[in-house]
Amino acid sequence: MIVSAFLLLPMKTGMTMSQFYHRRFLCILPPFICFLVLYAVLPAAWGGLTWDYAIEQLKMVPFNFPLWGGHL
C-alpha cells in the first residue's frame, strides 16, 4: 500500500475526490484479489490441502479471507 500511495502522489491539479479514489482502487484491488485467489489455491497445489477444500475456500473469497490469508 505504501507503493500505491507513492504512485498516486502528488495529486494532479483539479482532481476530484472520486477520481482520486477510483485511481486508488484500481491500484489496490487487482493485486489484492489476485493474492486472495492464490492464498486459496496454492496450498492445494503444494499438497497441504485437498482440492475440494481449496475450491470451497475459493468460493468464500467474496465473503471472507481464505484460511491462510488472514493477514491480508
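Let's start with a pair of helices in this predicted model: helix α2 (residues 17-45) and helix α3 (residues 51-59) have axes that come within 8 Å and cross at roughly 180°. With angles over 145 degrees counting as roughly antiparallel, α2 is therefore roughly antiparallel to α3.

Which residues make this contact? On the α2 side you'll find Val37, Ala40, Val41, Ala44 and Ala45, and on the α3 side Trp51, Ala54, Gln57 and Leu58. Sort the residues of the α2 and α3 contact by type and you get 8 nonpolar, 1 polar and no charged.

**The whole chain**

Now zoom out. How many helices and strands does the protein chain have? The count is 3 helices and 0 strands, and reading along the sequence gives the pattern α-α-α.

The protein chain has 72 residues, and 21% of them are buried. Its exposed surface comes to about 5700 Å², with carbon and sulfur atoms supplying 73% of that area.

**A closer look at Gln57**

Gln57 came up in the helix contact above, on the α3 side. Is Gln57 buried or exposed? Its relative accessible area is 12%, and buried means under 20%, so Gln57 counts as buried. Leaving aside neighbours within four places in sequence, Gln57 is in contact with Ala40, Phe65, Pro66 and Leu67. One of these, Ala40, is also on the α2 side of the helix contact.

**Ile55 and Leu67**

Ile55 is another residue of helix α3, and at 40% relative accessibility Ile55 is partly exposed. Leu67 sits in the segment after α3. Like Gln57, Leu67 has a contact list that leaves aside neighbours within four places in sequence, and it holds Tyr53 and Gln57.

Ile55 and Ala40 are 15 residues apart in sequence, yet their C-alpha atoms are 7.6 Å apart in space. For Leu67 and Tyr39, the gap is 28 residues in sequence and 7.9 Å from C-alpha to C-alpha.

**The cysteines**

How many disulfides does the structure hold? The number is 0. As a reminder, a disulfide is a covalent bond between the sulfur atoms of two cysteines. Cys27 and Cys34 are both partly exposed, with 33% relative accessibility for Cys27 and 42% for Cys34.

**Accessibility side by side**

Here are the residues with their relative accessible areas.

| Residue | Relative accessible area | Class |
|---|---|---|
| Gln57 | 12% | buried |
| Cys27 | 33% | partly exposed |
| Ile55 | 40% | partly exposed |
| Cys34 | 42% | partly exposed |
| Leu67 | 47% | partly exposed |

Key
Residues numbered from 1 in each chain as written. Predicted model: local features only at pLDDT ≥ 70, side-chain atom pairs only at ≥ 80, totals over all residues. Heavy atoms only, no water. Axes fitted to C-alpha atoms, helices over the stretch in contact; angles between N-to-C directions. Helix = DSSP H or I, 4+ residues; strand = E, 2+ residues; numbered from the N terminus. Parallel < 35°, antiparallel > 145°, perpendicular 65-115°, else oblique. Contact = heavy atoms within 4.5 Å. Nonpolar A, V, L, I, M, F, W, Y, C, P; charged D, E, K, R; others polar. Disulfide = S-S within 2.5 Å. Buried < 20%, exposed > 50% of the residue type's maximum accessible area, 1.4 Å probe, protein only. Areas by Shrake-Rupley, 256 points an atom, 1.4 Å probe, with all protein chains shown as cover.
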